[in-house]
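Dear colleague,

My notes on it follow directly after.

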Amino acid sequence: MAKRIHQPREDAEFDFILGMSTIPVLAYFTGTWPKAIEPCRAADLVVGGIAEEYIGRLTVVRTDITRCPAATKRYEVTGAPSYVLLKDGEAVAHGTGPMTSVEVRELVDSHL
């Protein structure tokens, strides 16, 4: 069974996952500082459902801002949680802050 959510430990692994994906990628960026923990946990629940729903049509990558600083900078992520939808390695949509599953679906559906 395919992995539902990838969790790269470093930028090189993040880039490898992007390079291997033949379908769009939803990278959601999380943080571990006190004000980010609760919203990021909520994002985990929302994105977990999205990963299940879009299996085979979307690669989902949970990206820790401190572990993947180059990716964070490359996609101009300034807070957590943040969402970046990528097609062929290029950002085509962004979202920041707590988002509902409906809002994440709208972000994704407009580019599938």
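Is the crossing of H2 and H4 left-handed or right-handed? The crossing of H2 and H4 is right-handed; a crossing is called left-handed if the near helix is turned anticlockwise from the far one by less than a right angle, and right-handed if clockwise.

Before the details, a word on the basis of these notes. This is a predicted model, in which local features need pLDDT of at least 70 and side-chain atom pairs count only at pLDDT 80 or more, while totals for chains, interfaces and linings use all residues. Residues are numbered from 1 along each chain as its sequence is written, and side-chain values use heavy atoms, with hydrogens and water left out.

**The helix pair**

Helix H2 covers residues 34–53 and helix H4 residues 101–109. Helices (H or I, at least four residues) and strands (E, at least two) are DSSP runs, numbered from the N terminus. The two helices pack at an angle of about 45°, and their axes are 9 Å apart. That angle makes H2 oblique to H4. Axes here are lines fitted to C-alpha atoms, for helices over the stretch in contact, and angles run from 0 to 180 degrees between N-to-C directions. Angles under 35 degrees count as roughly parallel, over 145 as roughly antiparallel, 65 to 115 as roughly perpendicular, and the rest as oblique.

On the H2 side the contact (heavy atoms within 4.5 Å) is made by Val46, Ile50 and Glu53, which meet Ser101, Val104 and Arg105 in H4. By class, the contact of H2 with H4 has 3 nonpolar, 1 polar and 2 charged residues. In this scheme Ala, Val, Leu, Ile, Met, Phe, Trp, Tyr, Cys and Pro are nonpolar, Asp, Glu, Lys and Arg are charged, and the others, Gly among them, are polar.

**The cysteines**

How many disulfides does the rule give? The count comes to 0 disulfides, a disulfide being a pair of cysteine sulfur atoms within 2.5 Å. The sulfur of Cys40 has its closest cysteine sulfur in Cys68, 14 Å away, and therefore too far for a bond. Cys40 is buried, at a relative accessible area of 2%, and Cys68 is also buried, at 0%. Buried means under 20% relative accessible area, exposed over 50%, and partly exposed in between (1.4 Å probe, protein chains only).

Cys68 is placed in the loop between E3 and helix H3 (69–74). Not counting residues up to four places away in sequence, Cys68 touches Pro8, Glu10, Asp11, Phe14 and Thr63.

**Residues around Phe14 and Thr63**

Phe14 belongs to helix H1 and counts as buried, at 0% relative accessibility. Beyond four places in sequence, the residues that Phe14 touches include Pro8, Ala27, Phe29, Val61, Thr63, Cys68 and Tyr75. Phe14 and Arg67 are 53 residues apart in sequence and 9.8 Å apart in space, C-alpha to C-alpha.

Thr63 lies in strand E3 (residues 59–64) and is buried, with 0% relative accessibility. Leaving aside neighbours within four places in sequence, Thr63 is in contact with Phe14, Ala27, Tyr28, Phe29, Thr30 and Cys68.

**Gln7**

Where is Gln7 found? Gln7 sits in the loop between strand E1 (5–6) and helix H1 (11–20). Gln7 is partly exposed, at 46% relative accessibility. With residues up to four places away in sequence not counted, Gln7 touches Glu13 and Arg62. The C-alpha atoms of Gln7 and Val60 are separated by 8.8 Å, although these residues are 53 residues apart along the chain.

**Backbone features in the loops**

A cis peptide bond, with omega about 0°, joins Ala80 and Pro81. Pro81 lies in the loop between H3 and strand E4 (82–87). Glu76 is also placed in the loop between H3 and E4. Glu76 is not a glycine, yet has a positive phi of about 55°, and is exposed, at a relative accessible area of 66%.

Asp88 likewise has a positive phi of about 55° without being a glycine. Asp88 is in the loop between E4 and strand E5 (90–96), and counts as exposed at 82% relative accessibility.

With kind regards
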